[in-house]
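Good morning, colleagues. Please look at the sequence and the model on the screen while I go through the charged pairs, the interface and the fold.

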2 protein chains.
Amino acid sequence: MKINGQPYRAIWPKPDDPRTVQIIDQRHLPHQFIIEDLKTVDQTAAAIQDMHVRGAPLIGATAAFGIYLAAVTAPQSSPEEYSAFIQAAADQLRATRPTAINLAWALEKMLAVISAAGGFEEKISAARQSAIQISDDEAEACRMIGVHGLDLIAGITKKKDGAPVNVLTHCNAGWLACVDYGTATAPIYAAHDAGIPVHVWVDETRPRNQGARLTAWELGQHGVPHTVIVDNAGGHLMQHGMVDIVIVGTDRTTYTGDVANKIGTYLKALAAKDNGVPFYVALPSSTIDWTIRDGFEIPIEQRGGDEVRYIQGLHAGEIKSVLLTPDTSPAANYAFDLTPARLVDGLITERGTCHASEEELRGLFPEK
Amino acid sequence: MKINGQPYRAIWPKPDDPRTVQIIDQRHLPHQFIIEDLKTVDQTAAAIQDMHVRGAPLIGATAAFGIYLAAVTAPQSSPEEYSAFIQAAADQLRATRPTAINLAWALEKMLAVISAAGGFEEKISAARQSAIQISDDEAEACRMIGVHGLDLIAGITKKKDGAPVNVLTHCNAGWLACVDYGTATAPIYAAHDAGIPVHVWVDETRPRNQGARLTAWELGQHGVPHTVIVDNAGGHLMQHGMVDIVIVGTDRTTYTGDVANKIGTYLKALAAKDNGVPFYVALPSSTIDWTIRDGFEIPIEQRGGDEVRYIQGLHAGEIKSVLLTPDTSPAANYAFDLTPARLVDGLITERGTCHASEEELRGLFPEK
């Protein structure tokens, strides 16, 4: 999508430099737009762990490029040492974030591709091709989510006699979380680009404010009308008919339709159910965990309490971190929660929309 | 309650100075402890409107002292001009915040007392006595809420074989929101003081962070174990059995048991219902609106969007305000939401605990 009118993706191989991958260091948005070079596995692991990049699809694509960088930088002294380096890189990358399923999925795919290729040069070439393919596939899946989700939004505006459709979203399941288009935002961008009036309620999404920082910025750059709200506000808006549909992303979804997503998603799903507001989850199939039946088995990451106690923002032109709590008060920081399938009205995938059930998911993805 | 070991209330007449009332300017907590002198109606109105003081019971008590200051400063040129000044003061104070019922309640009571008294000196004396009485009554009501709520917490710890009771609370319904003891915190302080182990999950309560700033500070000063969490986290904690009871305050409750409280309360009530966690609202009867049947008729205050876009905290020893959103993104700021009686397991009042129903509320308060 566009930044200041220029098309960007969230990750890309650096032109004319086969040993470098580039990302947007999202920690500085919306106040500073900084592009970061990744040249090593360590840098890539740090970029994922410290959330220079985040969002399940982008974590997967970044891990894939991380394995490509491993293939480029691995010692070619012997096939065994080369393979051991790649394997260690995969282990290191896998340990960065526990919840997103795309991470493990992308790593397995990359390892298989490298293992199947012949000599070192072939392995490097295959790894590069595969990382680009994973990245392109994620973008294409998101584009198709937009195509299918557009129907939903078009249906709502028709019922409202063309009045703007109010979409509520949580966290950033935008193109910055993916490679392009986004998951939850793909139907929004598709509708906006098709001339359907949309307005987005953007949950700020504490503690890391991905909504206030990233989703609001993305939507603003693309010209989509939006309003930032605190995470507490969505229930009130739904009680007063001010939300037509909730669309969120997911970090991992079971094949039964249970959805692990950013902490607080479950609360919005409860409010949607209580007020008859349709609650949809947009996801590429790479986010589906075909091995887990019960969502409560999905590991939920706990992060440091200082992400709650401190917050960053712009003061007099500089990004500053300020303490919000008493110095002596501890904080807990659970990064995700689980929205059971019973609260989900539908899943928007790259192959179409379905109910959050094993039967319908297997219907869309019979090869799984 | 205590600050650094010294007992305080949230508002008090300044000793040896009958023309001054003192408050804690809560905007600077937890980082700075500043006592503010109020000498005029304008100062009192600003203190309420700009939230130097907040919380329904304290708003009522502050408005009462504001009318006392009006009685002290009103022109004594004629009884008509004196009365007109008092009436204008009441109108000004009534317009500061729309949701808390205690505000109107305290103003009506003060106007009646002043109207009934004879000469100017008698009116001033009656106003002072009445404001102190309203303040004392609020404190005593909160103390009794603690007595009744203690039974609830004692019952839970008995079932848990003496393990700590995990209470989740939203916003600050602590002694800083009242005159003393607090509403939601009164049972917590009572339990803690009685040697019952309690641990409090403190919702930070965006946008103004009354939980992270005030409740955490209060509990810390009193030595009550607590952990600050983002507003998004409570549902996850309840899903995992980490919350034994939710206790919140209220800004206005209908006689049918519908509860208007800080934005986001409704989401916690939904999560409590979904997980079988008891959800209680602690309130002095001054917070009950005996004229409204349907909670959705309670006016919900909208405040400026910059309270969402900016946040204050401590940086290098100074309180700084930082911008959280893109400069061009607008924000909406609804201050309260409505939790329907069907989601409330019980009301803890100064006369005991009851179900959130007209029948039981009228049973406790038959004179209404």
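Over all chains, the structure holds 46 salt bridges, a salt bridge being a side-chain nitrogen of Lys or Arg within 4 Å of a carboxyl oxygen of Asp or Glu. This is a predicted model, in which local features need pLDDT of at least 70 and side-chain atom pairs count only at pLDDT 80 or more, while totals for chains, interfaces and linings use all residues. Residues are numbered from 1 along each chain as its sequence is written, chains are lettered from A and ligands numbered from 1 in the order in which they are written, and side-chain values use heavy atoms, with hydrogens and water left out.

Let me begin with chain B. Arg97(B) pairs with Glu301(B), with 2.8 Å between the closest N and O atoms. The two lie 204 residues apart, Arg97(B) in the loop between α3 (79-94) and α4 (101-116), and Glu301(B) in the loop between β13 (288-289) and α10 (306-309). Helices (H or I, at least four residues) and strands (E, at least two) are DSSP runs, numbered from the N terminus. Both Arg97(B) and Glu301(B) are buried; with a 1.4 Å probe and protein chains only, buried means under 20% relative accessible area, exposed over 50%, and partly exposed in between.

A second pair is Lys160(B) with Asp244(B), at 2.6 Å between the closest N and O atoms.

In chain A, a network of salt bridges links Arg97(A), Arg208(A), Glu301(A), Arg303(A) and Glu307(A).

I turn to the interface. How many salt bridges are there between chain B and chain A? The count is four. In one salt bridge, Asp274(A) meets Arg342(B), with the closest N and O atoms 3.0 Å apart. Of the elements of chain B, α9(B) gives the most to the side that touches chain A, with seven residues. By class, that side has 33 nonpolar, 19 polar and nine charged residues; Ala, Val, Leu, Ile, Met, Phe, Trp, Tyr, Cys and Pro count as nonpolar, Asp, Glu, Lys and Arg as charged, and the others, Gly among them, as polar.

Each chain supplies 61 residues to the contact, which means heavy atoms within 4.5 Å. About 4800 Å² is buried between the chains, and carbon and sulfur atoms give 62% of this area. Buried area is the accessible area (1.4 Å probe) that two parts lose on being put together, summed over both.

Finally, the fold of chain A. Chain A has 11 helices and 18 strands, and its C-alpha trace spans about 65 × 55 × 40 Å along the principal axes. Of its 368 residues, 62% count as buried. Among contacts with a separation of 6 or more, 73% come from residues 24 or more positions apart.

Arg252(A), in strand β10 (residues 252-254), is buried, with a relative accessible area of 9%. Val202(A), in strand β7 (residues 198-203), is buried at 0%, and touches residues including Thr169(A), Leu219(A) and Val228(A).

Definitions and conventions. Lists of a residue's contacts leave out its neighbours within four places in sequence.
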